[in-house]
Amino acid sequence: MPPLIPSAKPLLGEEEKRAVLEVLESGKLAQGRRVQEFEKAFADYIGVKQAIATANGTAALHAALLAHDIGPGDEVITTPFSFIATANAIRMVGAIPVFVDIGEKTFNLNPALIEPAITPKTKAILPVHLFGLPAEMDAIMALAQKHHLIVIEDASQAHGAEFFGKAEFNGKKVGSFGTGCFSFYPTKNMTTGEGGMITTNDEELAKKIRKIINHGSERKYYHDLLGYNYRLTDLAAAIGIEQLKKLPAFNKKRRENAVLLSEHLSSLPGLVVPALSSGHVFHQYTIRVTTEEKEEGGKRTEGQGMEKRATERKKMREELIAQCHQQGLEVAVHYPLAIHQQNAYAFSGSCRFPLPVAEKMAQEVLSLPIHPALSPEELLCIVNIIKKIHG
Ligand SMILES: *Cc1c(COP(=O)(O)O)cnc(C)c1O
């Protein structure tokens, strides 16, 4: 039986159905006017000059790195706490991802740790706006400028998120700081089935990206460089155009859901709720299941090691997950391992610094449903289940 309350659910309506049907009836399924229309609308929405649609978010990251001539011998500073595609894309161009630890409150790159990681080989910084919260872009842009580094933003979870910090950037959308990369996978804030987008203000770069995603070709059967087939289809773009229109309302609903959940859950012992920062679009509502409260209460005896605490954290989370699932509430762990802990990353080179926060978060995090398809009753049901288990 499927869960009563799923952890993610794309919201597709008559508009999307009609748009897809129109493309089907036109007989032009691959690249027609829909892709162009979607690109233009997306660029306008993010506030950039150019947007280039791609087959998926991983392809967007790969093509962006290639377009910036990042390759073998280069290093890219990034976060170890993300979906694996972020770091994989760096490896796909032959460069080395260099992991820098994250902040406990943001789950995003800790800007204070970036500068010590910069070497003569560093070519770019690749922040992720994880769970919909913008990374600290004022600090990251200042560092990039100082050290002449490229900035590629992984905005796969943050469509429409706005940065608030230094005045000059206030209200600026993510994906408009550096070269932006987006994903439209069905669990994201908006979807095209599979799909992606690259955003930039650099016309020359955009031209190069268009070649890279189209077999290195601008003119049919003339190939200037090695490229790929990373194009989006008109079928997908037709869905994207309709989803983009609804995105502001989707994001508003996600935020309202987050406010409601936090209102009820923030006082529960042993749970840490996410900060309701301005501009956050809550791709995920990710809480932490900690054992720290107990320590403060003095119940813990001395001499218990890190190892034991880690096991305890994991056990508490496992129990919570099992009970939620038993009651039909689908919760998920994003992510159970930091990237450097994955088998696929068991090589040296990426792990130059200790990454204790990322490792601890991997043991503590738990994402509750937050998607805009949730009804008020379902939201209260989530609150009640968590309260009953954890209250
Ligand atoms: C979803 C996602 C990607 C990859 O996007 P796909 O469209 O699945 O290829 C990359 N980075 C992050 C942070 C993501 O969440």
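Helices α1 and α7 run roughly antiparallel to each other in this predicted model. The two helices, spanning residues 14-26 (α1) and residues 234-265 (α7), pack at an angle of about 155°, and since angles over 145 degrees count as roughly antiparallel, the pair is therefore placed in that class. Their axes lie 8 Å apart, and α1 passes α7 in a right-handed crossing. On the α1 side, the contact is made by Glu15, Glu16, Ala19, Val20, Val23 and Leu24. Facing them on α7 are Asp234, Leu235, Ala238, Ile239, Glu242, Gln243 and Lys246. Sorted by class, the contact of α1 with α7 comprises seven nonpolar, one polar and five charged residues.

The crossing of α9 and α11 is right-handed. From α9, the residues making the contact are Met316, Leu320, Gln323 and Cys324, and these are met by Ile385, Ile386, Ile389 and His390 of α11. By class, the contact of α9 with α11 holds six nonpolar and two polar residues, with no charged residues.

Turning to the make-up of the two contacts, charged residues number five where α1 meets α7, whereas the contact of α9 with α11 has none.

Notes: Residues numbered from 1 in each chain as written. Predicted model: local features only at pLDDT ≥ 70, side-chain atom pairs only at ≥ 80, totals over all residues. Heavy atoms only, no water. Axes fitted to C-alpha atoms, helices over the stretch in contact; angles between N-to-C directions. Helix = DSSP H or I, 4+ residues; strand = E, 2+ residues; numbered from the N terminus. Parallel < 35°, antiparallel > 145°, perpendicular 65-115°, else oblique. Left-handed = near helix turned anticlockwise from the far one by under 90°. Contact = heavy atoms within 4.5 Å. Nonpolar A, V, L, I, M, F, W, Y, C, P; charged D, E, K, R; others polar.
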